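Subject: Handing over the structure

Hi,

Here is the structure I promised to pass on. Please open it first, and then read on for what I found in it.

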Amino acid sequence: MQHQKIKGLVIRETNFGEANRYITVLTEQGMKIEVLCKNARNSRLSAAIRIFCFSEFTLYQRNDKYTLNDAMLIHSFWGVTQNVEIYALSCYFAECVTVLTESIEHEPQITKLILYALRAISEQKREQKLVKAAFELKIMAICGFSPDLSRCGACLKPVENQVYFSVREGVILDKTCKERIGGKDFVALSSGTYQAMKHILSSEKIFAFTLGQDSLNQLSIICEQYMLYHLGRGFASLDFYKTLY
Ligand SMILES: [Zn+2]
């Protein structure tokens, strides 16, 4: 039996039996592991193993099974559970991470992204709509589904004026190529939306931008559609979040 210390974020918890709990931990290295916690509800450890706690876990590992021995809370995003909308959005982020880490292992950028996103929505300094859109586009890019916004997808030249974007194709066109090709899928992006998408894809501080309401609405629609289309699925937590507003 191996004994090890791992830092990570609890992204799912399931209670079972009298006082036992399974937690899903997204580790600092971006790996997702399931941990069995015995006597979870009564133990002094309970503050460190709730959903949206970032903690240091001391684990026993046997094959690919982990059992909790000790846990120390480093930072709690437990505050996100105090507001139903923020909690629902956090659960959506956790579900996105759960799904996207099925096929990708050891991607530390995913852990960093969800930690930034939880901090941004719990501090409430940025609009939920902005954080959600940036999270969706960035997680897709991290997982290898980045759109190409650097040049026209047809003539391969830089686009200097009006930009058209297709969610399905994940590329942009300039006006001449859009008129020549007649791509029905391509919608005109506002310059704010286009700049915001480029910022999200290239910057570390992905939430550090502001947008007018029309561009923010467009960004929000495009990023959500882009994610759902390219993953070919929906999310129960997203459906629930949308019932709240
Ligand atoms: Zn072109």
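Below are my notes, going from the whole chain down to single residues.

Two bits of housekeeping. Residues are numbered from 1 along each chain as its sequence is written. The model is predicted, and local features need pLDDT of at least 70, side-chain atom pairs count only at pLDDT 80 or more, while totals for chains, interfaces and linings use all residues.

**The whole chain**

The protein chain has seven helices and nine strands. (Helices, H or I with at least four residues, and strands, E with at least two, are DSSP runs numbered from the N terminus.) Along its principal axes, the C-alpha trace spans about 65 × 35 × 25 Å. Of the 245 residues, 38% are buried. Here, buried is 20 or more other C-beta atoms within 10 Å of a residue's own, exposed is 12 or fewer, and partly exposed is in between, with C-beta atoms placed from the backbone.

Among contacts with a separation of 6 or more, 56% are between residues 24 or more positions apart. Two residues are in contact if their C-beta atoms, placed from the backbone, lie within 7 Å.

The chain is divided into domain 1 (2–76) and domain 2 (126–146 + 188–242), with bounds that come from an automatic or database domain assignment. Their C-alpha centres lie 31 Å apart.

**The barrel**

Five strands form a closed barrel in the order 1-2-3-5-4, with mixed pairing. From one strand to the next, the twist averages 50°. (Axes are lines fitted to C-alpha atoms, for helices over the stretch in contact, and angles run from 0 to 180 degrees between N-to-C directions.) Strand 2 (residues 20–27) and strand 3 (residues 32–37) pair in the antiparallel sense over six bridges; strands pair if DSSP finds at least two bridges between them. Arg21 has Cys37 in strand 3 as its bridge partner. Helix 1 packs on the sheet and touches strand 1 (2–16) and strand 2, its direction making about 120° with that of strand 1.

**Strands 7, 8 and 9**

Strand 7 has antiparallel partners in strand 9, through three bridges, and in strand 8 (residues 171–173), also over three bridges. Val163 stands opposite Leu189 in strand 9, and Tyr164 has Leu173 in strand 8 as its bridge partner. The hairpin of strand 7 and strand 8 has four residues between the strands, and Gly170 there takes a positive phi near 70°.

How far is Gly170 from Val99 in space? The two are 21 Å apart, C-alpha to C-alpha, and 71 residues apart in sequence. Val99 sits in helix 1 (residues 84–100), and it counts as partly exposed because 14 other C-beta atoms lie within 10 Å.

**Helix 5**

Helix 5 (residues 191–202) has 12 residues and reaches 16 Å from its first C-alpha to its last, close to the 16 Å expected at 1.5 Å a residue. That expected span is 1.5 Å times one less than the number of residues.

Which residues of helix 5 are buried? They are Thr193, Tyr194, Ala196, Met197 and Ile200. They cover an arc of only 165° around the axis, so they are on the same side of helix 5. (The arc is that of the directions from the helix axis to the C-beta atoms.) The face turned away from that buried side carries the exposed residues Ser191 and Ser202. What covers the buried residues includes helix 3 (128–142), strand 6 (148–152), strand 7 (163–166), strand 9 (187–189) and helix 6 (213–231).

Over to you!
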